[in-house]
Amino acid sequence: MRTVPDATGIREGVRMKVVFGGPIARPQVLEVLRQFPGVDVLAVDEADDVCPHVGDADVLVIANPRDKGRHIAEALGSPACRVKWVQMVSAGTEGLTAHPLPPHIPITNQGGAAAPAVAEHAMGLLLALTHRLDVALKNQAAASWNVGALRPLLQSVEGMTVGVIGMGNIGRELALRLRAFGATVHGFSRSGESNEAADAMHRIAELKSQVSSLDALVVCVALVPQTRHLVDAELLSLCRKTAYVINIARGESVDSLALDAALREGRIAGAGLDVTDPEPLPADHPLWTAPNLILTPHTAPMGNKLVGRRVAAVVRENMQRFLEGRELLHRVEL
Ligand SMILES: NC(=O)c1ccc[n+]([C@@H]2O[C@H](COP(=O)([O-])OP(=O)(O)OC[C@H]3O[C@@H](n4cnc5c(N)ncnc54)[C@H](OP(=O)(O)O)[C@@H]3O)[C@@H](O)[C@H]2O)c1
């Protein structure tokens with residue numbers, strides 16, 4: 001019986017085992033994986049749940065682990081481990097890649113499958129803040145027209161200069177949407193190299209010297225040690241009083257307590273967070289009562305009908321490439 005091609009390095013006559021874990025694009029990805037002959041699929045609920053199964057897997061297909069990334073990384077590093085590739089179905093991979101990993105196992109991610117949806121959510125937060133839907137909803141609940149209270153708070157995305165920190169898949173999609181609304185986009189990346197989606201590009205190292213020229217800044221970077229608390233008390237102190245701060249990437253890239261203080265002291269106009277640190281935000285965290293803050297519970301890509309299909313297409317393409325011994329797409333920098 002010849003089950004999987006030799007290119008995988010899996011012995012002839014042995015079926016290949018893929019362990020899948022996590023809620024992202026679950027039905028679509030499972031359907032794709034089950035279409036490959038010679039492949040056995042074990043599905044567990046969460047990425048963390050793959051831990052006990054790493055020892056007898058050939059491939060892991062997982063979301064970003066929440067608590068057990070270190071244990072998964074340790075299992076991947078065990079000499080007996082036969083895993084040859086880890087496909088992450090998320091964009092962020094830090095739950096696993098923050099831990100030491102054996103360099104011979106490629107880690108790939110979803111390659112921007114959720115980027116249009118996340119960019120749309122960032123636009124939603126910015127539009128809700130500039131048009132002060134938070135205040136309008138409170139007025140509505142109190143059956144109060146109260147236009148006088150709203151008028152001085154209102155802004156418009158058209159004519160704004162918006163800083164997009166991180167011009168990866170999400171940053172580029174966001175820049176396109178912002179420009180369609182008439183904003184000027186200043187992109188920030190490590191290199192500062194020109195990017196056709198932005199009107200101007202800067203190095204992330206220049207953020208502090210540039211931030212006073214921005215009406216809003218949107219965090220779109222991966223979470224790595226260098227981007228932890230990228231938005232800190234000092235950066236917030238340099239922002240315009242009328243500026244908005246949005247984070248749709250990872251909570252730890254913004255210093256939560258510094259943001260809370262800036263909001264309470266009116267040093268910025270408001271903030272929109274889809275991600276928090278810690279996450280989920282505990283009921284007694286000060287951010288719950290911070291003024292001018294719109295919080296969504298890490299829902300940015302949810303509800304989009306195309307995300308699951310795009311994630312599944314990435315898994316299908318990479319699985320095909322893996323079986324044929326070809327280079328995998330969307331490799332994560334380690
Ligand atoms: N809210 C949600 O539900 C949701 C959904 C999807 C993704 N996310 C988050 O959004 C992040 C970005 O997603 P994406 O699809 O745009 O990822 P991506 O295309 O891989 O882009 C990663 C971005 O992170 C930057 N980056 C990487 N390493 C860095 C470092 N050492 N220092 C500074 N910047 C660094 C890159 O900057 P360069 O341009 O300099 O390379 C790039 O802009 C993900 O990592 C994930 O955490 C959140």
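## Helix pairs

Let's start with two helices that pack together: α1, spanning residues 26-34, and α11, spanning residues 307-323, have axes that come within 8 Å and cross at roughly 25°. Angles under 35 degrees count as roughly parallel, and α1 and α11 are therefore roughly parallel to each other. The crossing in which α1 passes α11 is right-handed. Please keep in mind as you look around that this is a predicted model.

A second pair is formed by helix α4 (residues 115-130) and helix α7 (residues 169-180), whose axes are 8 Å apart and meet at an angle of about 50°. That angle makes α4 oblique to α7. As for handedness, α4 and α7 cross in a right-handed way.

## Around the ligand

Which residues come nearest to the ligand? Of the 25 residues around the ligand, these are Asn169, Ile170, Arg190, Ala222 and Ile248. Sorted by class, the shell holds 14 nonpolar residues, eight polar ones and three charged ones.

Arginine 190, already named among the nearest residues, places a polar side-chain atom 2.7 Å from an oxygen atom of the ligand. Histidine 298 also uses its side chain, with an N or O atom 3.1 Å from a ligand oxygen atom. Glycine 168 contributes through its backbone, where an N or O atom lies 3.1 Å from an oxygen atom of the ligand. How much of the ligand's accessible area does the protein cover? On its own the ligand has 920 Å² of accessible area, and the protein covers 84% of it.

## Backbone details worth a look

Most residues other than glycine have a negative phi, and most peptide bonds are trans. A few places in this model are worth checking with that in mind.

The loop between β11 (270-273) and β12 (293-295) is where you will find proline 278. The peptide bond that leads from aspartate 277 into proline 278 is cis, with omega near 5°. Proline 280 also sits in the loop between β11 and β12, and the bond joining glutamate 279 to proline 280 is cis, with omega near -5°.

Where does asparagine 146 lie? Asparagine 146 belongs to the loop between α5 (133-141) and α6 (147-150). Its phi is near 45°, which is a positive value in a residue other than glycine.

Definitions and conventions: Residues are numbered from 1 along each chain as its sequence is written. This is a predicted model: local features need pLDDT of at least 70, side-chain atom pairs count only at pLDDT 80 or more; totals for chains, interfaces and linings use all residues. Side-chain values use heavy atoms; hydrogens and water are left out. A residue is near a molecule or strand if one of its heavy atoms lies within 4 Å of it. A polar contact is a pair of N or O atoms within 3.5 Å; within protein, one must be able to donate a hydrogen and the other to accept it, and residues adjacent in sequence count only if both atoms are side-chain atoms. Accessible areas come from the Shrake-Rupley method with a 1.4 Å probe; for residues, only the protein chains shown count as cover. Ala, Val, Leu, Ile, Met, Phe, Trp, Tyr, Cys and Pro count as nonpolar, Asp, Glu, Lys and Arg as charged, and the others, Gly among them, as polar. Axes are lines fitted to C-alpha atoms, for helices over the stretch in contact, and angles run from 0 to 180 degrees between N-to-C directions. Helices (H or I, at least four residues) and strands (E, at least two) are DSSP runs, numbered from the N terminus. Angles under 35 degrees count as roughly parallel, over 145 as roughly antiparallel, 65 to 115 as roughly perpendicular and the rest as oblique. A crossing is left-handed if the near helix is turned anticlockwise from the far one by less than a right angle, and right-handed if clockwise.
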